[in-house]
Amino acid sequence: MKKSISVILLMAAILNLLTGCTVQNQSEQKHKSSEHNQSKKEETAIDINKLSSLHEISISEESLSDKSKFFDLEGNPIDMREISLKSGEYYIIDDCSIAISEVILSPIQIDANYKVLKDQYVEFANIASYSSVENDNIQMKNILQRIIGFNTILPISHNLSQIQFIPSSDIVITIYFYPICYKVDAINYSFYTLKGAHQFDGLYCDGIYEIRIVE
């Protein structure tokens, strides 16, 4: 009888030890999974484009190529030559004289190259909004807040599903985004600052999509 009790107690102890190991392993796996997810979030969060790394471009230069099609933030096709940008609005605030214009800055690639087939309707999936434009040269913040608003960072909208595109041949394409920003001209210097555009789910960087044929 005593021997049977000893065996039962031994088995119970082993079972308890194994259960503890299983719980510990599950806890470690959850912890590792959490770390992995956090790592992925951190990886996507670092795709930030500095405003100082971009430069103003000429609309006419970008509209001459037959390898590009342009769309607004709602997915409507547009002719770059017909875009109307605000220019020459002058303000005098706190004895400071400035002029504010809208400009288009150099493009940011927001999608990888991929092949599409002739005459097949291309359905663009909405990409997770992981990239942003950051104003890394903050100037005249208090004044701009009173005129046009001020944003330190704005996400790039990846709401691409509304774009309709049917290629006339087998091609490889990629997608670019052109930020539309404000250019501020003060007496002795000029700089760019972000311009926001409202969409159904928030405020994004104003701009234009380009579908570009790369080969």
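**A tour of salt bridges and strands**

Select Arg-81 and Asp-79 to begin: their side chains meet in a salt bridge at 3.1 Å, N to O (a side-chain nitrogen of Lys or Arg within 4 Å of a carboxyl oxygen of Asp or Glu). Arg-81 is exposed at 59% relative accessible area, while Asp-79 is partly exposed at 26% (buried means under 20% relative accessible area, exposed over 50%, partly exposed in between, with a 1.4 Å probe and protein chains only).

A word on what you are viewing: this is a predicted model, where local features need pLDDT of at least 70, side-chain atom pairs count only at pLDDT 80 or more, and totals for chains, interfaces and linings use all residues. Residues are numbered from 1 along each chain as its sequence is written, and side-chain values use heavy atoms, leaving out hydrogens and water.

Next, pick Asp-94 and Arg-146, a salt bridge with its closest N and O atoms 2.9 Å apart. Asp-94 also sits in the turn of the hairpin formed by strand 4 and strand 5, with a positive phi of about 50 degrees (strands are DSSP runs of E, at least two residues, numbered from the N terminus; two strands pair if DSSP finds at least two bridges between them).

Now colour strand 5, residues 96-104: seven of its nine residues are buried, so the strand is largely enclosed by the rest of the structure. Find Ser-101 opposite Lys-183 in strand 12.

Stay on Lys-183 for a last stop: its salt bridge partner is Glu-56, at 3.6 Å between the closest N and O atoms.

How values were computed
Helices (H or I, at least four residues) and strands (E, at least two) are DSSP runs, numbered from the N terminus.
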